[in-house]
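Hi,

Here is the structure we talked about, with the sequence alongside. Have a look first, and my notes follow below.

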Amino acid sequence: MAIIMGTAGHIDHGKTSLIKALTGIHCDRLEEEKKRGITIELGFAYFDFIKKNNEKIRMGIIDVPGHEKFVKNMVAGANGIDFVLLVIAADEGIMPQTREHLEICSLLNIQEGIIVLTKKDMVEEELLELVKEDVHEFVQNTFLENAPIFAVSSYTGEGIDALKQAIIEKNETLIPKRRNNIFRLPVDRVFSLKGHGTLITGTLLSGSAKVGDDVCIMPQNIETKIRSIQNHGENVEKAFAGHRTSINLANIETNQIERGNIIAFPNSLIPSTRWLVKLHCLPSSPKPIRHKAEIHFHHGTKEVMAKLYLKDKENLAPNEECLCEVRFSEPLCGIFQDKCVMRSFSPLQTVAGASIINPLPNFPKLKHITPELAENLLQLEKNFLEKDTAKAMLTQISFGNNQGISYTELMLLCNLDTKTLDKNLQELLTKKEIVLFDKENKIYLAKKYVALYETIMLNKIKEYHEKEPLKQYMPKASLLSNFEQTKLGHFLLEQIHKKELIYINDDGLCLKEHTINLKSHEKDLKETLLEKFTNTPLNPPLLKELLEQTNTNQKELLNVLSLLVQEGKLIKIMEGMYFLHSEIQKILQNLLNFYKTNENLSPTDFKNISGGLTRKYSIPVLEYFDKEKITIRVGDGRKLRNTSLLSL
């Protein structure tokens, strides 16, 4: 992986001049920058060298503005760097933006750096030593407290070679912290070139992409294609994590994309207007952060207005942290552990940082998060870093995902490479902490939800039995309609069936212990009905006739008829018409015997083999056989549809 170096420091402390002395490249490209002599926008350069293993390296460099008015541009650039050159002018020492830039670097989890005292030629040696002492004290308890300090002059070149060697050595030892495979390129510049169209630049945070890949602009989800790729002015076929990358996008106008957008593969990122974060108020914040405070929120190269909702707090004091829901004025796309920076309105300064816990839109409201769960969520990042990965993943899978969580969502919630993610998923599956209920779409569910839904499913069956006491079986479709996801419903049904808690057959399902207990009058009705069908098997009474003959209400009559069907004594031919099961079987056997020597069955043939059924019954019975896919109508006759029945 390539490494990106960035600058930080107060305005006019010589950051841009230092980069020119190191690389020969002047980063200021705007006319206004050249005219005013200050950096306004991000500047880009590169540094070529050869590592000890003879590998040729081109290290990307991001030069950031030092003026307080352009801190948002500084944050956009610093987000992609691996180590920082903290630049301090020897003739001025530590200034306000020196402090703010160092805080921003800390909030963005930059953990490596080199301190450079510029303008060495402007001060006496004695003053230089005093500045060094001040700097040593200034960086105590920061990630730079053990960083080397180099005094240089970009004007005379003194100290530049030693600094170059230190930068090369940093590249030998530093390992970039990019953990996932998700292709993500935050846009920091958009422009067009005649004959090329729209181009964007950015630091490729993770993953890789090649020429010809389909990509999309997020969060707008505008589809486009990579036409060409450049890395520091050279055409390449593929871009890798850590590279300063320029991409020529196909069929996109410059007004369709802006700084802060992200180039990603389709369906890999999920926009949301709310994130759950671990919020840390800086010790230097002039006042506590209020619940529902409005702030400038920086993520990647994007700045957006947002409101902070603190968990169980009205105020967050300096150097304190808490769980917080951030609500944005427009959708953003983030990943677990992404670092964010927050700046207040008045005074306009950096007051807090945050680490994303959940960037998806469906996490539970803060009031539904218990204190114990809140603490677990605050410890998530630590659990991942300490290799308690499976436990941390289980927390993310369980947290509010009661309908299951997809593999894509897990990538965003865990920030792991696919190999590590797959390994830990398999561990959780083996331990039965989670289940994979949708293999096609790779959707997982925590066991606590599986147990909950199994109980709900069993209760639904029990309720049905209580409501329909004369029905042995509940229709499967009726049960599954209670679950939003059909595959989840089928999975749960299979689980309780494996546990032998229910019976399932073609008629439906029932609890294992379920039995039908008829009341005395229901038993009498059952016997009466069976007798009526037995007495006139070829001329069975219709429903309306039974209602008159038994003097019973329709619901009770239908329940008993349904019971006789469930017990296999009757067959429902059509609405309101039933036959003895034994009589239909007899007719079927005669039908099959007929087809052993004949191909086509006429209505007259059927009347003869059925024992003399009248048209009133023969047509419905023939249509019943059609519906059961035994016969098929061809013209006025019927042919045998299922010839395998002839061997029975």
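Let's start with Leu269: leaving aside residues up to four places away in sequence, Leu269 touches Ile182, Arg184, Met218, Ile262, Ala264, Cys333, Ile335 and Leu412, where contact means heavy atoms within 4.5 Å. Before going on, please note that this is a predicted model, in which local features need pLDDT of at least 70, side-chain atom pairs count only at pLDDT 80 or more, and totals for chains, interfaces and linings use all residues. Residues are numbered from 1 along each chain as its sequence is written, and side-chain values use heavy atoms, with hydrogens and water left out.

Leu269 is also one of the residues with the most contacts inside the largest nonpolar core, together with Leu276, Leu421 and Leu425. That core has 63 residues; a nonpolar core here is a set of buried Ala, Val, Leu, Ile, Met, Phe, Trp, Tyr and Cys residues joined through side-chain atoms within 4.5 Å. Buried means under 20% relative accessible area, exposed over 50%, and partly exposed in between (1.4 Å probe, protein chains only). A second, separate core has 31 residues, among them Ala8, Leu42, Val131 and Ala151.

Now for strand S23, residues 339-343 (strands are DSSP runs of E, at least two residues, numbered from the N terminus). Five of its five residues are buried: Lys339, Val341 and Arg343 point one way, Cys340 and Met342 the other.

S23 has two antiparallel partners, S19 (residues 293-299) with four bridges and S24 (residues 350-358) with five; pairing requires at least two DSSP bridges. Phe297 stands opposite Met342, while Lys339 has Ser355 in S24 as its bridge partner. A hairpin of six residues joins S23 to S24.

Best wishes
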